[in-house]
Structures are given as C-alpha cells and as structure tokens.
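Here is a short walk through one protein model. Keep the sequence and the 3D view open as you read.

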Amino acid sequence: MAILRMIKMSSTTRDVPKGHFAVYVGENQKKRFVIPISFLSKPSFQDFLSQAEEEFVFNHPMGGVTIPRSEDLFNDLTSRLRK
C-alpha cells in the first residue's frame, strides 16, 4: 500500500515524534500536521484517506502524505478521533 510507505517516510523526517506521522492538508495551501499512527486503525480515518486517494490520487510533493481536503474537515475528523 503506497500510503503506508509514505507514512513510514514522513515519520522519519524532521521533528516527528515516535508513534506519529506527518500529513499535509489543504486544498490550496498545505498545512503540516503531526498525528498519531493509531489514527490509521480508525475506520473513519481510513475512509477519509481512501476517499481522498480515490478522488485526487495522492500527490506527495512535500515528502509526506498530502491530503487535498479542507483543513476544517480534517480538523473535525481528528478532533473526534482524539476523544
């Protein structure tokens, strides 16, 4: 799975704590987020990634997983996952 390779690469880059990975989110300007790897086991996060991949075919110009979705949508999802 390509996304897991990208997550592994992003987790070894600058200032990403162990057990986390970096993603870049945004429709125009990308913002970097460092989130727990445990999110990958959550069905809602898996669905989010699958939808983004199907719609946009992941593009990784920044060296990490790039998700071309709105920041608000991403923040809403991740705030629910943190509870």
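A salt bridge here is a side-chain nitrogen of Lys or Arg within 4 Å of a carboxyl oxygen of Asp or Glu. E71 and K31 meet that cut-off, with their closest N and O atoms 3.8 Å apart. Keep this pair in mind; the text returns to it below. The model is predicted.

Start with the overall layout. The protein has three helices and three strands. Along the sequence they follow the pattern α-β-β-α-β-α. There are 83 residues, and 36% of them count as buried. The protein exposes about 5200 Å², and carbon and sulfur atoms supply 52% of that area. Now take contacts between residues at least 6 apart in sequence. Of these, 49% join residues at least 24 apart.

Turn to strand 1, residues 20-25. Five of its six residues are buried. Strand 1 has two pairing partners to look at. With strand 2, residues 31-36, strand 1 pairs in the antiparallel sense over six bridges. F21 stands opposite I35 of strand 2. The hairpin of strand 1 and strand 2 has five residues between the strands, and G26 takes a positive phi near 150° in this hairpin. With strand 3, residues 65-67, strand 1 pairs in the parallel sense over three bridges. There, Y24 has T66 as its bridge partner.

P17 and P36 are 19 residues apart along the chain, and their C-alpha atoms are separated by 9.0 Å.

The largest nonpolar core has 15 residues. Those with the most contacts inside this core are V23, V25, F33, I35, F45, I67 and F74. Which elements give two or more residues to the core? They are strand 1, strand 2, helix 2 (43-56), strand 3 and helix 3 (71-81). Helix 2 gives the most, with four residues.

V23 is then in contact with K31, R32, F33, I35, V65, I67 and F74.

K31 leads back to the salt bridges. How many salt bridges does a search of the whole structure find? The search finds two. One is the E71 and K31 pair, with its 3.8 Å N to O separation. This pair links distant parts of the chain: E71 lies in helix 3 and K31 in strand 2, 40 residues apart. E71 has 28% relative accessibility, so it counts as partly exposed. K31 has a relative accessible area of 42%, so K31 is partly exposed too.

In another salt bridge, the side chains of D76 and R80 meet at 3.2 Å, N to O. Why are D76 and R80 separated by about one helical turn? Because they are four residues apart in helix 3. D76 counts as partly exposed at 39% relative accessibility. R80 is also partly exposed, at 47%.

Methods
Residues numbered from 1 in each chain as written. Predicted model: local features only at pLDDT ≥ 70, side-chain atom pairs only at ≥ 80, totals over all residues. Heavy atoms only, no water. Buried < 20%, exposed > 50% of the residue type's maximum accessible area, 1.4 Å probe, protein only. Pairing = 2+ DSSP bridges. Core = buried A, V, L, I, M, F, W, Y, C linked by side-chain atoms within 4.5 Å. Contact = heavy atoms within 4.5 Å. Areas by Shrake-Rupley, 256 points an atom, 1.4 Å probe, with all protein chains shown as cover. Lists of a residue's contacts leave out its neighbours within four places in sequence.
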